[in-house]
Structures are given as structure tokens and as C-alpha cells.
Amino acid sequence: MKKTSLLLLAGLFQLQVQAQTPEAKMNTFITKLMGQMTIDEKIGQLNLVTPGGFTATGATVSQNVEANIKAGKVGGLFGIYDPTLVRKPQELAVKNSRLHIPLLFGLDVIHGHKTSFPIPLGISSTWDLERIEKSARIAATEATADGLNWVFSPMVDIARDPRWGRISESSGEDPYLGSLIAKAMIRGYQGTSFKETNTVLACVKHFALYGAAEAGRDYNTVDMSRIKMFEYYLPPYKAAIDAGVGSVMTSFNEIDAVPATANKWLVTDLLRNQWGFKGLVVTDYTAINEMIAHGLGDLKQVSALALKAGTDMDMVGEGFLTTLKQSLNEGKITQKEIDQACRRILEAKYKLGLFDDPYRYLDESRPAKEILTPENRAFARDLAARSHVLLKNSNQTLPLKKSGSIALIGPLADDRKNMLGTWNIAGDWKKAVTVAEGIKNVAGSDVKINYAKGANFTTDTLLIQRLNAQNGLVDVDPRSPEVMIEEAVKVARQSDVIVAVVGEAQEMSGEASSRSDIGIPENQKDLLKALKKTGKPLVLVLMSGRPLTLTWENDNADAMLEAWFGGSESGNAIADVLFGNYNPAGKLTATFPRNVGQIPIYYNHKNTGRPYEGVLLDKFKSRYLDVPNDPLFPFGYGLSYTTFSYSEVKLSQTTLKGNQTLQASVTVKNTGKYTGEEVVQLYISDPVASVTRSVKDLKGFQKISLKPGESKEVTFRITPEQLKFYTTDLKYDWEGGEFSIQIGTNSSDVQTAKVQWAK
């Protein structure tokens with residue numbers, strides 16, 4: 001009887017375990033594991049390092065990595081990929097550490113892995129959420145084929161200042177569009193289940209407000225009101241949390257005079273308690289150590305502050321590893337705080353299936369089958385073409401004919417090294433397609449290409465040294481600027497049309513690449529001025545990681561195409577657009593200023609008490625003396641080879657109450673001669689409220705395709721949810737009154753109708 005009872009009890013226990021929810025099973029497993037861990041091993045899980053000899057994204061490289069892995073003092077590695085290379089440290093952890101806890105392997109996979117897509121600012125210009133999600137899905141597939149299980153992406157910082165180099169990694173200035181892109185990227189990276197070996201743990205960054213760095217200078221101070229935070233800067237992070245992102249990276253800047261990594265209000269009160277985030281929080285590169293320079297104390301003190309704020313994992317700095325045990329002994333931190341951080345990291349590993357199979361991402365047969373495939377490259381080419389924004393096209397200069405002769409001129413015209421753009425960690429520039437190659441591929445043998453470099457990127461030798469300090473991607477032609485321009489002019493005179501490919505080198509934007517002058521470098525502008533004097537049609541292909549100041553270029557070029565940095569297939573994509581194989585449909589997601597004096601400039605600004613209304617001699621108004629208030633190119637702007645007309649806005653009703661739904665419609669007609677796509681944009685203005693509102697806010701968009709002569713009615717459904725805003729007490733609600741419904745082709749060019757909506 002006794003033996004039978006024991007068997008029955010054992011069977012009941014087994015049934016109870018089997019009946020547990022997945023979360024309960026995870027908790028049971030991790031609780032048991034943590035019960036076996038020493039304090040040193042728990043602290044070790046909080047240590048994220050990058051090994052020497054691999055890809056580092058900061059100035060510091062970790063030491064004694066192998067010994068620390070064996071001792072259980074490393075929770076994850078980043079900057080190393082390829083299944084054969086990743087296997088060695090994973091085996092060290094699983095076979096040689098006392099408790100055999102596997103490692104996380106992460107990397108900055110920002111715009112593709114080895115198949116490079118356009119920079120994120122370019123991708124956002126497609127306004128195509130389905131393709132944006134697919135780009136992340138391909139990136140996740142390639143990253144996991146290369147042994148990775150964690151990507152430090154998406155970067156969702158709202159950026160209103162194009163001097164800030166990292167605007168290139170952002171989706172621009174708008175919180176609504178930025179939130180939708182954040183969700184799309186996370187769906188692409190994480191898929192529907194971590195059980196699939198082609199899904200990765202995503203990491204939204206940089207939490208929070210990093211894109212508002214003062215003076216556009218990287219790593220600089222951020223200071224803003226809570227309303228501004230919640231209304232304009234926080235929504236994309238919140239959208240990422242709602243989409244189920246697995247991890248969050250803290251930002252370098254301070255918030256309310258406390259650096260983000262040690263900001264308890266930000267990391268615990270807001271992120272965890274208010275928004276319900278349960279994943280792991282990792283610092284940016286040496287962010288804990290850098291709080292010493294902020295003035296918060298020595299390494300021991302700032303490490304304790306970071307842990308107590310809710311930060312779980314220390315990237316590279318090893319402040320946690322070297323000081324937390326002493327702080328624990330001194331009562332500066334608690335065992336519970338260490339345990340909580342350790343648990344979150346172990347949970348991430350559990351969810352990724354690493355405890356079941358530490359080598360599940362290390363299939364050495366996958367890279368050849370899944371990385372840089374023809375299908376991936378074809379998608380990259382299509383996405384790059386869709387990211388291009390046509391800024392000007394006088395007299396239908398574009399598309400070019402596939403006959404005659406072209407003067408292909410400029411430092412980027414036949415450059416391979418700078419096609420991928422900034423922050424392409426695993427991308428191989430040797431496999432990129434140049435613009436010259438793309439034109440040959442697309443135009444065929446009936447087009448004669450007359451090439452001249454015309455100018456170096458810059459004549460500033462100190463800047464060239466800085467650009468080449470890390471990657472060495474800027475080649476310098478030793479000839480004088482005068483000789484290079486003379487050659488270019490000669491080539492131009494022998495050709496039917498000039499295509500000048502100018503702009504930035506890829507490292508002129510991105511992290512630590514802020515610029516106080518965001519114009520095309522003067523030596524390149526000198527080249528353009530000389531080309532203009534030839535009288536030949538002048539087409540500018542602009543490659544940049546940010547909005548540029550292009551006043552002279554806009555006044556003098558016949559056509560301008562913003563191509564950003566397009567990635568692996570950049571050259572082919574540019575040629576596809578230049579010759580009309582694809583009709584450009586990109587729309588700007590960041591405003592282009594007339595000059596740096598207008599910065600920051602963005603479409604959803606506030607009115608002042610003295611708004612300028614265009615009267616030239618009206619002195620005491622909010623305006624400049626030397627330039628207009630409006631930008632060179634507004635948010636949402638982008639031309640096509642065809643033209644579109646918009647009807648007046650038609651409303652389903654003009655008075656509403658409560659939770660009714662308003663339908664707002666316009667008829668869009670293709671009035672040109674090419675089939676084209678158009679992004680129809682919905683903006684709403686709330687002119688009277690309890691707090692001042694922006695002049696308008698993007699609240700919807702639809703991308704449509706129309707054949708010549710074809711019309712389509714585009715309808716938006718509007719509910720009170722789209723009327724909500726944050727009040728002074730941070731209540732998110734709406735107020736009744738008059739609303740302006742605006743639909744158009746960009747934020748400045750809209751049709752307007754008004755509605756009364758009572759609460």
C-alpha cells in the first residue's frame with residue numbers, strides 16, 4: 001500500500017508539472033537554477049562583453065573573456081558571429097562553467113545583417129509597413145543563420161535635429177509613423193514564436209529621448225517637459241513594448257538630471273510598472289562607466305545606482321562584475337535586486353530555447369543557404385528603390401532615356417565602399433553594387449557612360465583622418481581639385497546629360513558623427529557649380545544619412561533624387577529609378593531645412609502667441625529676417641514621375657458626439673502619364689484645447705497605386721482615439737470642440753475640412 005501511495009503521489013506531481021503554464025514552467029526551472037547559483041555566478045549573468053579581435057562598436061574591448069566565461073562571469077557576448085566562431089564560446093560556457101548556463105549572442109543588426117538594406121531613415125521613407133517588417137524578417141533569418149540570437153534593434157528615437165548623426169538610424173520625426181514602424185520591425189525580428197530558429201530577441205533603443213540631444217551633438221544632454229516626452233518622444237518606445245519586444249537598451253543621455261541608465265523613474269516606474277515591461281534591460285556601450293563623467297560618483301556608486309534603477313545587464317563596462325558584490329556586503333544594494341536582474345536574463349535565455357539546446361542557432365549549413373541569397377538581394381534592390389525620394393524634377397528631366405550619353409560624375413558615382421551606409425556591422429562593402437555598375441546593368445549597351453570622379457568627398461584633411469580612423473572607407477584622389485573639376489567639365493560637355501552622385505561619405509553620419517554644417521561639402525559644391533555652367537541638364541543623386549541643406553542645389557539642379565545609403569543593391573536601385581524601371585514614391589520622414597539656423601525644424605510644431613502669417617513688413621512676429629520660416633522640403637514630401645490631383649475633403653458628417661466614427665474621404669487622380677504610387681496622408685489639428693497643441697499631427701496614411709487617368713476614393717475612419725492628447729497631469733484623453741481634418745500629399749500641401757465633435 002505504501003509503495004502504491006508513493007507512486008500515486010509521484011504521478012500526481014508529474015501531472016501537476018505537465019499542467020503548468022509555459023510561464024509557470026519557466027519560473028520553476030529558473031527558481032531551481034538560481035537556487036544553485038552563487039552570488040558571483042548571479043552577478044556574472046549581468047555581464048555582457050565583446051571579445052577582442054571581433055567587431056566592437058565602442059572604444060573599449062573586454063579582457064579575459066575566455067577565463068570569465070569558464071568562471072560563469074559572462075552572461076552574453078556581442079560583436080561575434082558565424083556559427084563556427086560562436087560555437088567555441090558557447091561550448092566554453094556550456095561545458096566548462098560550473099552550471100553550464102548558455103550565453104546570449106547579440107549584434108547591432110540595424111538595417112539588415114549581411115544583406116544590407118537602406119539605412120533606417122531611408123527605409124522609413126517607403127511608408128510601407130509590410131516591406132519594413134519583411135526587411136526585419138530577412139535580417140533575423142540571416143542573423144540567426146550566423147549564430148546570433150539577439151539584435152540591438154530597432155532604434156526608435158524621434159529625431160528633429162538633422163545635425164545629430166544618428167538620425168540616420170531613426171525613422172524620422174513623427175511619433176505616429178515611428179510607432180507603426182517600431183511594431184513592424186519587432187514583428188519581423190521576433191516572429192510569432194521563439195521556437196522558430198529564425199527569430200531573434202529584439203532590443204528597442206535607446207530608452208529614452210536620445211534623439212533630442214542638445215545642439216544635435218551625440219551623447220549630449222536632453223531636457224524636456226513631461227508633456228513633450230509623452231506626446232512626441234515616448235510613443236514609439238511604448239509601441240515597441242506593446243508589440244512584445246524582448247529587451248530594452250538604455251540611452252546615454254540624462255532625463256530630469258539623472259542619466260537614463262540610473263533613472264529609476266524611467267526604467268522601473270514608467271517602463272516596468274506603468275507600461276508592464278517584463279523583459280531585460282541592457283545598457284548601451286559602457287553607459288554605466290560613463291555616469292562617472294556625468295558626476296554621479298565612482299564606478300561602485302554608479303553601478304549600484306544602475307542596478308537599483310532596474311538595469312539588468314552591463315554592456316562592456318564590467319562595473320556590475322567588479323563592484324556589486326562589495327556593494328551588497330556594504331548594504332548599498334540588496335540580494336533581491338541582484339536576483340531580479342539575473343532572473344530576467346535567464347528568462348530571455350529560456351524563452352529563446354537555449355537551455356533546451358544551447359546550439360540551436362549554430363547550424364553550419366544555414367549561412368550558405370540563407371545569407372545573401374539572390375532572393376534577399378532582389379528584395380534589397382526593391383526596398384532601396386522604394387526608399388528614394390524625388391525632391392525635384394523640372395521639365396521631366398527624369399526618367400532618363402536608355403540611349404545617348406551620360407556624364408557620370410562625383411565621389412560616389414563609382415564608389416563601392418560607401419554604398420552600405422553607417423552601422424552595417426556585418427555587411428561586406430566588397431559585395432555592394434556601385435552606381436556605375438547599376439547604370440550599366442539597367443541602361444544596357446545603348447547608353448554611353450562618360451565617367452569622372454570630379455571631386456573627393458572633402459578637402460578637409462583632418463575630417464578625412466577622422467572618417468578613416470575606424471573603417472578607412474574614404475579613398476583620396478591625389479590630384480588637385482582644379483584638375484579633377486577640369487576633367488569632369490570636359491566629360492560633361494561630351495555628354496547629353498549629367499548625373500552627379502554627391503553627398504556624404506557613409507561615416508559622415510551615424511554614431512559620433514554629428515555635423516554643425518549639414519550641407520554638401522564645399523569642394524563638391526564647387527564641382528556642381530562648374531558642371532552647371534556647361535548648360536547640360538544636371539541630375540543630382542544625393543547620398544546621405546540625414547536631411548541636407550540644399551538651397552543652392554534646389555535652385556540650380558534640374559532634378560534631385562535623395563537616395564540615402566541604399567545598402568547592398570544601392571547601385572542597381574538607383575539605376576532602376578533613374579531610368580524609370582521604378583517610379584519613385586518615397587516620402588520624407590524628416591524635414592529638410594533651408595539652413596542650419598532653422599534647426600530644430602519639424603512639421604508638428606506649436607504656434608506662438610505671435611505667429612507669422614506672411615506679411616513681409618510685420619515686424620513683431622515669430623519669424624526670421626533672412627529666410628522664410630518654412631522648410632525647403634516638408635515632412636511627407638516626395639514627388640513622382642507622374643502627377644496626382646486631390647479633390648476636396650468629403651466628410652460623412654460635420655457634427656458628431658461621443659464615440660461616433662467620422663469618415664473622411666478624398667478622390668485622388670493620376671493626372672500624369674506614368675503609373676505611380678502615392679502616400680495619401682491624414683493630419684488632424686485641434687485648434688482649441690486645455691493645453692497648447694501642435695499645428696497638426698499625422699494620424700493616418702494609405703499608400704495607393706494608380707494608372708494614368710485612374711482615380712480612387714481614399715477613406716479614413718476617424719474615432720475619438722485619434723483626438724487624444726496628454727494634459728498637464730499626463731492624462732491621455734480628448735476634449736470636444738472643432739477639429740480640422742487635413743488630407744494631402746505632404747504635411748504642407750493638404751485639403752481641409754472642419755468638424756464639430758462634442759464629447
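**Figure 1. His-206 sits in strand β5 (residues 201-207).** Strands here are DSSP runs of E with at least two residues, and helices are runs of H or I with at least four, numbered from the N terminus. The peptide bond from Lys-205 to His-206 is cis, with omega near -5°. This is a predicted model, in which local features need pLDDT of at least 70 and side-chain atom pairs count only at pLDDT 80 or more, while totals for chains, interfaces and linings use all residues. Residues are numbered from 1 along each chain as its sequence is written, and side-chain values use heavy atoms, with hydrogens and water left out.

**Figure 2. A cis peptide bond joins Ile-599 and Pro-600.** Omega is about 0° for this bond, and Pro-600 belongs to the loop between α23 and β17. For context, most peptide bonds are trans.

**Figure 3. Ala-215 and Asn-395 have positive phi values.** Ala-215, in the loop between β5 and α9 (226-233), has phi near 65°. With 44% relative accessibility, Ala-215 is partly exposed. Asn-395, in the loop between β11 (389-393) and β12 (404-409), has phi near 55° and counts as exposed at 75% relative accessibility. Buried means under 20% relative accessible area, exposed over 50% and partly exposed in between, using a 1.4 Å probe and protein chains only.

**Figure 4. Phe-592 and Phe-633 form an edge-to-face pair.** Rings of Phe, Tyr and Trp (its six-membered ring) pair if their centres lie within 6.5 Å; planes under 30 degrees apart are stacked, over 60 edge-to-face and the rest tilted. By this rule there are 24 aromatic pairs. In the pair shown, the centres are 6.1 Å apart and the planes stand at 70°. Both residues lie in the loop between α23 (570-578) and β17 (644-646), so the pair ties together parts 41 residues apart in sequence. Phe-592 is buried at 0% relative accessibility, and Phe-633 is buried too, at 3%.

**Figure 5. Ring pairs link Trp-127, Tyr-176, Tyr-603, Phe-635, Tyr-683 and Phe-701 into a cluster.** Lys-696 lies over the face of Tyr-683, at 5.9 Å from the ring centre. A charge sits over a ring if NZ of Lys or CZ of Arg is within 6 Å of the ring centre and within 35 degrees of the ring normal. Elsewhere, Arg-160 lies over the face of Tyr-232, with 4.8 Å to the ring centre.
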